[in-house]
Amino acid sequence: MRIYPSERFLNRHATKRPVIMTGVVVCIFVFTSLAFLLYDYLLKNRQNAMMAFASRSGKIVNSLFPENVRSRLMDNAQHFDV
């Protein structure tokens, strides 16, 4: 025995909704991925800027102060950072 849906039943339940929902899910996934990639890029950019600033600051401190004063400054800075 085989049962087939009537044309009225088929027209009522055969919609494009699954395709639309799949498109919405794909769009959400793409948006989330792009947001993560943007965040990662901005974070790396900020990290590189901070490292460049720290490097320049270290060079300035090295050129301005003798080694004994420099070591005390760095020790003080580490003590207050904790």
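Asp40 and Lys44 are both located in helix α2, which covers residues 17–64. The two residues are 4 positions apart, about one turn of the helix. In this predicted model, their side chains form a salt bridge, with a nitrogen-to-oxygen distance of 3.7 Å. This distance falls within the 4 Å cut-off used for such a contact. Side chains of opposite charge can pair when their charged atoms come close. The structure holds 1 salt bridge in total. The two partners fall into separate accessibility classes: Asp40 is partly exposed, at a relative accessible area of 29%, whereas Lys44 is exposed, at 51%. Lys44 is classed as exposed because its value is over 50%.

Charge was also examined for the chain as a whole. The chain carries 11 positive and 5 negative charges. The mean position of the positive charges lies 16 Å from that of the negative charges.

The secondary structure consists of 3 helices, with 0 strands. In sequence order the pattern is α-α-α. The overall dimensions of the chain were considered next. The C-alpha trace spans about 95 × 20 × 20 Å along its principal axes. The radius of gyration of the chain is 31 Å, while a compact globule of 82 residues would have a value near 12 Å.

Distances between residues were computed at two places along the chain. Gly23, in helix α2, is 12 residues from Asn11 in sequence, and their C-alpha atoms are separated by 22 Å. Asn45 also belongs to helix α2. Between Asn45 and Ile60, which are 15 residues apart along the sequence, the C-alpha separation is 23 Å. Both Gly23 and Asn45 have intermediate accessibility. Gly23 is partly exposed, with a relative accessible area of 29%, and Asn45 is likewise partly exposed, at 42%. The value for Asn45 lies between the limits of 20% and 50%, and therefore Asn45 is counted as neither buried nor exposed.

Over the whole chain, buried residues account for 4% of the 82 residues. The accessible surface amounts to about 8,300 Å². Carbon and sulfur atoms contribute 66% of this area.

Key: Residues are numbered from 1 along each chain as its sequence is written. This is a predicted model: local features need pLDDT of at least 70, side-chain atom pairs count only at pLDDT 80 or more; totals for chains, interfaces and linings use all residues. Side-chain values use heavy atoms; hydrogens and water are left out. The radius of gyration is taken over C-alpha atoms; the globule rule is 2.2 Å times the number of residues to the power 0.38. Buried means under 20% relative accessible area, exposed over 50%, partly exposed in between (1.4 Å probe, protein chains only). Accessible areas come from the Shrake-Rupley method with a 1.4 Å probe; for residues, only the protein chains shown count as cover. Lys and Arg count as positive and Asp and Glu as negative; His and the chain ends are not counted. The place of a charge is taken as NZ of Lys, CZ of Arg, CG of Asp or CD of Glu.
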